[in-house]
Amino acid sequence: MSAGLPASTGMLPGGQPPASSRDDLRRRRNRRLKNQVFLVVCIGATSISVAVLLLLLGSIVVQGAKYLDLDLLRNFASRKPDEAGIKAALWGSIWLCGICLVVAVPLGICTAIFLEEYKPRGNTGKRMYGFIQLNISNLAGVPSIVYGILGLTVFVRMFGLFGSPNLSVYDEMYRLRLADGRTVLAEIVDIEADPVEAESPVEGTLSIPRAEIVESDRFYARRHTFELRDGRTITGDLSEFTTETITIEVTPELTEQFAPADVAGYRTKNVIEHGEPESFFYLRLPLSGSVLAGGLTLSLVILPILIIASREALRAVPPSLREGAFALGSTRWQMIWRMILPASVPGIMTGTILAISRAIGEAAPLLVIGGILFIMFTPRNMMDDFAALPLQIYNWASRPQAEFHKVAASGIIVLLGVLLVFNAIAIVVRQKFQRPLQ
Amino acid sequence: MKRLMIAFAAVAALSGAASAQDTKSLKGNIKIDGSSTVYPITEAVAEEFKKAAPNVNVTVGISGTGGGFKRFSAGEIDIADASRPIKKDEHETAATGKVEYIELPIAFDGLSIVINPKNTWVDKLSVDELKKIFLADSAAKTWRDVRAEWPAEPIKIFSPGTDSGTFDYFKEVVAGKDKSIRSDMSVSEDDNVLVRGVEGDKNAIGFFGVAYYEENKDKLKVVPIDNGKGAVTPTAQTIEDGTYAPFSRPLFIYVNKKSAERPEVKAFIDFYLKNAPALVTEVGYVKLPGSVYAAAGKNFASGKAGTCFLDDKGEKVSGPVTKVYK
């Protein structure tokens, strides 16, 4: 355009430089000025955000320096600022993020692949597709506390299917399988004793030689269902049993009594356990306020972010790659696995970094599902209780004592450190899998 | 085949004589949740208890008094921390969940009413004057509206969040059942924000736990409260003996009666009541009179279930904890 204008103005009569040429000069100057102004605005905006960040980091480092030492990482919570440590919260947060990585990342990527690479064709399929898309976009905007409530019902309480999540308030029962093939449900005072003294609602008081017990299975129970020989089923709290009668509280007002001889069978609504609480592989249903329940809840929080980021990354892969792969006769799976995924790893990893950063900073959903702050052990397995960094930091920061505010600042530095480590892992993965497009 | 496991019940046989020496052999888990105001006390007790009973895992959560009672009524936790007595509906939920509980007061939390140190005119406030400032229907605009000789400077109010126990208690004392607290206040869930607010404004007034005043004595001025018997400043002494009225509230723990049968829970509560006076003071609260701790100990030993703060008809019983709690 600038080349065209002078040529046309040269055609005008008279020796004076034409007015339009002066206009042109001014316009050019204007354009350059705008360019400069925009540059300054951009630099200004960047430096403001960097300055705010530096100010924040600086003030936290200054405040937190006093308590930032190995004792902070080694000690558990304490009422004394000098002894207060972050060990439980740190390990809790690491477990949470680990579970999030293992659960949410594969789920998120697979969902994104389905939505991007396997677009349905049929009419119903398209409608379903639109519905899922709409939901994912909406879910990304849902406040995280809502996910906490969801996690409480689904993971912590498991809809009450397995009774109460507190294992301690409920009766400790044993299911014994005896050598003669019988199974006995019993309350036992000392399972190590020989013979084992057992009180069973169905068999009455038993004295079983240890050698006869083939298998013993401990569980916690309260609600029992008895199937009687007359066809009735009675469900309620087992309140008393003797050799003559079994008493069951059906409602707080109503009790039912029946003789053990009437019982055709019984079920116990109970907690399902596998392995021993000390072992690494211990599993239990319901999950109650365990670190697995927390991790799954946080996975729900970050899943929409991950899906959206991964979809963007997949969409950024040029369609020519897909067409080329198809032209060479590869299947859709080969195309995705060999071409599309490697090409989109950088974008997916960036999304993962953002998602994990969100997960590690979330406090609200954890508060809803249990929100433990004081805990004197770190998780040994996925069923253990846990604390988390953001809760611990918030609690310290809202204490009246100024010294605790400094401990909170040290906690923030640790949180940032953990975040950096997780991000570094994501970046290493990105570098490792990144292949230049050929 | 599963290995046979040692039953906790074996310890139960010893529970009758569980003294300080055999707490070392106790095992088990104790789950506590509830008020974040009570948390520092329970944290301190649990920290010390860990030294006495290393194999008992105590966990303390901060879901809030209401959240704690919800989990308590469902039988999910053994002990609920509460910054107020149990309410009627919470009591009923516990009854439907078949949770019987023992109520134990453990400390006082004094409420301090504070102003900016540059405020030279306020020497004391009566409850009626507080009503003029805080009630929605009077809502004094300037200090002159409170007392005629004070300057016509606009009042700036800083208040804890309306969900907090502190606000609840203040509302109950100042507004009672029928009236409401004005809504044009600066509200924050973090009491440290209120401290900074009052610190930065000459015409500010605010209220929060005494611990926050004690930590910021140099930046704030506490207002003595005149309850008809002369102006009283909140100190450990005046709060404990009840002369600083009516702005000191009791804090509680509620113990599931079934849990209390377990030896480790019983040992923990005995430990709690024995060490509360010292630890409560250490973390910034005020200890209760000895008679209240004695009554709590007696109630726990006898397993007295229920609350003293609801009468037979389920109506709320108010008054100082020393009179109501028996």
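How many bridges join strand 12 of chain A to strand 2 of chain B, and do they run parallel or antiparallel? I looked this up in the model, which is predicted. Three bridges join strand 12 (residues 372–375) of chain A to strand 2 of chain B, and the two strands run antiparallel. I noted one partner from this pairing: A:Ile375 is bridged to B:Thr59.

Next I checked the other pairing of strand 2 of chain B. I found five bridges to strand 1 (residues 28–34) of chain B, here with the strands parallel. B:Gly28 has B:Val56 as its bridge partner. With helix 2 (residues 39–52) of chain B, strands 1 and 2 of that chain make a right-handed β-α-β unit.

I then looked at burial in strand 2 (residues 56–61) of chain B and found six of its six residues buried. B:Val56, B:Val58 and B:Val60 point one way, while B:Asn57, B:Thr59 and B:Gly61 point the other way.

I turned to backbone angles in chain A. Most residues other than glycine have a negative phi. A:Met158 has a positive phi, near 50 degrees. I located A:Met158 in the loop between helix 6 (144–156) and strand 1 (171–178) of chain A. A:Met158 counts as buried because its relative accessibility is 14%, and the cut-off is under 20%.

A:Ser288 also has a positive phi, near 45 degrees. I located A:Ser288 in the loop between strand 11 (283–285) and helix 7 (291–315) of chain A. Its relative accessibility is 3%, so A:Ser288 counts as buried.

Last, I looked up the domains of chain A: domain 1 (68–160 + 286–437) and domain 2 (171–270). Their centres, taken over C-alpha atoms, are separated by 44 Å.

How values were computed: Residues numbered from 1 in each chain as written. Chains lettered and ligands numbered in written order. Predicted model: local features only at pLDDT ≥ 70, side-chain atom pairs only at ≥ 80, totals over all residues. Heavy atoms only, no water. Domains from an automatic or database assignment. Buried < 20%, exposed > 50% of the residue type's maximum accessible area, 1.4 Å probe, protein only. Helix = DSSP H or I, 4+ residues; strand = E, 2+ residues; numbered from the N terminus. Pairing = 2+ DSSP bridges. Right-handed = clockwise from strand over helix to strand, strands pointing away.
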